[in-house]
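Subject: Structure for you to look at

Hello,

Please find the structure below, with notes on what was found in it. Keep it open while you read.

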Amino acid sequence: MISAPTWFGSDGFAISAEAISPRRNRTPPPSPSATVPLPFGGGFNCSIQKINLGKVKTTMKVGIGNDHAGAELKMEIVKHLEEIGVEYIDYGVAVGEKIDYPDAAERVCREVVAGNVDRAILICGTGIGISIAANKIKGIRACACSDSFSAKYTRLHNDANALCLGGRVVGPGLANELVDLFLTTEFEGGRHQRRVDLITKLEEKN
């Protein structure tokens, strides 16, 4: 049995999949649905539901930064932010310019901590290096994401304030969907606030 993924299509549809074993038939899900075949037999029953990605607060200001490996993806995300009406400050480098990802992360994260921008979008080759650097800045909770579930739940449960993406890992369409989820998902608080407070205590110990 294959674990069932959830992903978001470029048209704003959330797709949750139930894995189907190639060895036995399963009752198909109610419409609307689609079956995604697998190369070795079986497939995924996919229920499709429209989601609203137009909930970005108009007062939110985003800081965006990148190293040279993330310059091209940064340009695509900037265009998307302009299309959905999100104010941003570009702290990154242009195509052809060079900067090390720790310096790129610090530029933006210092602005988040100072309150000059609300959240950060950081881009390097994989999203991992820049997220490690960002998490060294006190007050930053950065997550490297390449799937919709992580982008959503790092906001719901971790109150992440920095989304890190890999310019060599995700394409523009998926990157923009992850940005939408990161900007529109609110922190749940409650028991998760206690855990975020524990993260803050770890910072204070160091």
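V62 stands opposite Y88 in strand 6, and K61 stands opposite E87 in strand 6. Strand 5 covers residues 61–66 and runs parallel to strand 6, with 4 bridges joining them. Two strands count as paired if DSSP finds at least two bridges between them. In general, strands of a sheet pair through backbone hydrogen bonds, either parallel or antiparallel.

Before going on, two notes on the source. This is a predicted model, in which local features need pLDDT of at least 70 and side-chain atom pairs count only at pLDDT 80 or more, while totals for chains, interfaces and linings use all residues. Residues are numbered from 1 along each chain as its sequence is written, and side-chain values use heavy atoms, with hydrogens and water left out.

In what order do the 5 strands of the open sheet lie? The order is 6-5-7-9-8, and the pairing is parallel. Strand 6 (87–90) and strand 8 (142–144) are the edge strands, each pairing on one side only. On average, neighbouring strands of this sheet are turned by 20° against each other, direction ignored. Strand 5 is largely enclosed by the rest of the structure, because 5 of its 6 residues are buried. Buried means under 20% relative accessible area, exposed means over 50%, and partly exposed is in between (1.4 Å probe, protein chains only).

The helices on the sheet

The protein chain has 6 helices and 9 strands; these are DSSP runs numbered from the N terminus (helices H or I, at least four residues; strands E, at least two). Helix 2 (residues 101–114) lies across strand 5 and strand 7 (119–124), and runs at about 175° to strand 7. Helix 5 (residues 172–184) lies across strand 5, strand 7 and strand 9 (162–166), at about 170° to strand 9. For these angles, axes are lines fitted to C-alpha atoms, for helices over the stretch in contact, and angles run from 0 to 180 degrees between N-to-C directions. Contact means heavy atoms within 4.5 Å.

A search of the whole structure finds 1 aromatic pair. The ring centres of F149 and Y153 are 4.4 Å apart and their planes are at 25°, so the pair is stacked. (Rings of Phe, Tyr and Trp, the last by its six-membered ring, pair if their centres lie within 6.5 Å; planes under 30 degrees apart count as stacked, over 60 as edge-to-face and the rest as tilted.) Both residues lie in helix 4 (residues 148–156), 4 residues apart, about one turn of the helix. F149 is partly exposed at 48% relative accessible area, and Y153 is partly exposed at 28%.

R155 is also found in helix 4, and is buried, with a relative accessible area of 3%. Leaving aside neighbours within four places in sequence, R155 has contacts that include R119 and F182. The charged end of R119 sits over the ring of F182, 5.8 Å from its centre; this requires NZ of Lys or CZ of Arg within 6 Å of the ring centre and within 35 degrees of the ring normal.

The cysteines

How many disulfides does a search of the whole structure find? It finds 0 disulfides, a disulfide being a pair of cysteine sulfur atoms within 2.5 Å. The sulfur of C143 is 3.4 Å from the closest cysteine sulfur, in C145, which is too far for a bond. For C124, the closest cysteine sulfur is in C164, at 7.4 Å, also too far for a bond.

Regards
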